[in-house]
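Hi,

Here is the structure I promised to pass on. Have a look at it first, and then read my notes below.

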Amino acid sequence: QVQLVESGGGLVQAGGSLRLSCLASGNIFVINAMAWYRQAPGKQRELVATISSGGTTNYADSVKGRTTISRDNAKNTVYLQMNSLKPEDTAVYYCNADILTRLMTRGNYWGQGTQVIVSS
């Protein structure tokens, strides 16, 4: 069994910063790519950023230059540092990971989400 648990969301004023964390735990053998997605009210879930096991990153155009994804493989944790936040960044942010378990089964796992609200 694998779990992803996000933390770090909250209410912040426009122009502020937040750092989200996502801890993966359970019967993990290898964590491959990790990612952050977000879903705003009434909208589809969208990809925010990805990071490979080797540290290669990619960002959505909407957050590029304001956001940094990073990971600590020793801690099975992925981070999302968001700066210069805008009201349109308001959403539930979800962690996602491609994980190979010790049972040698591979799956795509999601966290429960953490709410980010940016006030204008």
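Predicted model: local features only at pLDDT ≥ 70, side-chain atom pairs only at ≥ 80, totals over all residues.

**The overall picture**

With those terms, the protein reads β-β-β-β-β-β-β-β-β-β-β along its sequence. That is 11 strands and zero helices. The radius of gyration is 14 Å, close to the 14 Å that the globule rule gives for 120 residues, so the protein is as compact as a globular protein of that length. Along the principal axes, the C-alpha trace spans about 45 × 25 × 25 Å.

A few totals for the whole protein. Of the 120 residues, 42% are buried. The accessible surface is about 6,300 Å², and carbon and sulfur atoms account for 49% of it. If you take contacts between residues at least 6 apart in sequence, 56% of them join residues at least 24 apart. As for charge, there are 11 positive and 7 negative ones, and their mean positions lie 3 Å apart.

**Who pairs with whom**

Start at strand β1 (residues 2-7). It runs antiparallel to strand β3 (residues 18-26), with six bridges between them. Within that pair, Val2 sits opposite Gly26 of β3.

β3 also pairs with strand β8 (residues 77-82), again antiparallel and through six bridges. Here Leu20 is opposite Leu80 of β8.

β8 in turn is joined to β7 by six bridges, and these two strands are antiparallel as well. Look at Leu80 again: in this pairing it is Ile69 that stands opposite Leu80.

**The two faces of β7**

Which residues of β7 are on its covered face, and which on its uncovered one? The covered face has Thr67, Ile69 and Arg71, while Thr68, Ser70 and Asp72 make up the uncovered face. As background, side chains in a regular strand alternate between the two faces of the sheet.

**The turn between β7 and β8**

The hairpin of β7 and β8 has four residues between its strands, and Asn76 takes a positive phi there, near 55°. Most residues other than glycine have a negative phi. Asn76 is partly exposed, with a relative accessible area of 25%.

Asn73 belongs to the loop between β7 (67-72) and β8 too. Its relative accessibility is 45%, so Asn73 counts as partly exposed. Asn73 and Val118 are 45 residues apart in sequence, and their C-alpha atoms are 30 Å apart in space.

There is a positive phi elsewhere in the model as well: Met104, not a glycine, has one of about 65°. Met104 lies in the loop between β9 (91-101) and β10 (106-110). With 48% relative accessibility, Met104 counts as partly exposed.

Ile31 is in strand β4 (residues 28-39). Is Ile31 buried or exposed? At 10% relative accessibility, Ile31 counts as buried, because the cut-off for that is under 20%. Setting aside neighbours within four places in sequence, Ile31 is in contact with Ala24, Ser53, Arg71, Asn76, Ala97, Asp98 and Ile99. Two of those names have come up already: Arg71 is on the covered face of β7, and Asn76 is in the loop between β7 and β8.

How far from Phe29 is Leu100 in space, C-alpha to C-alpha? The distance is 5.6 Å, although Leu100 and Phe29 are 71 residues apart in sequence. Phe29 is also among the contacts of Leu100: leaving out neighbours within four places in sequence, these are Ile28, Phe29, Val30, Thr105 and Arg106.

Happy to go through any of this with the model open on screen.

Cheers

How values were computed
Residues numbered from 1 in each chain as written. Heavy atoms only, no water. Rg over C-alpha atoms; globule rule 2.2 N^0.38 Å. Buried < 20%, exposed > 50% of the residue type's maximum accessible area, 1.4 Å probe, protein only. Contact = heavy atoms within 4.5 Å. Areas by Shrake-Rupley, 256 points an atom, 1.4 Å probe, with all protein chains shown as cover. Lys, Arg positive; Asp, Glu negative; His and termini not counted. Charge placed at Lys NZ, Arg CZ, Asp CG, Glu CD. Pairing = 2+ DSSP bridges.
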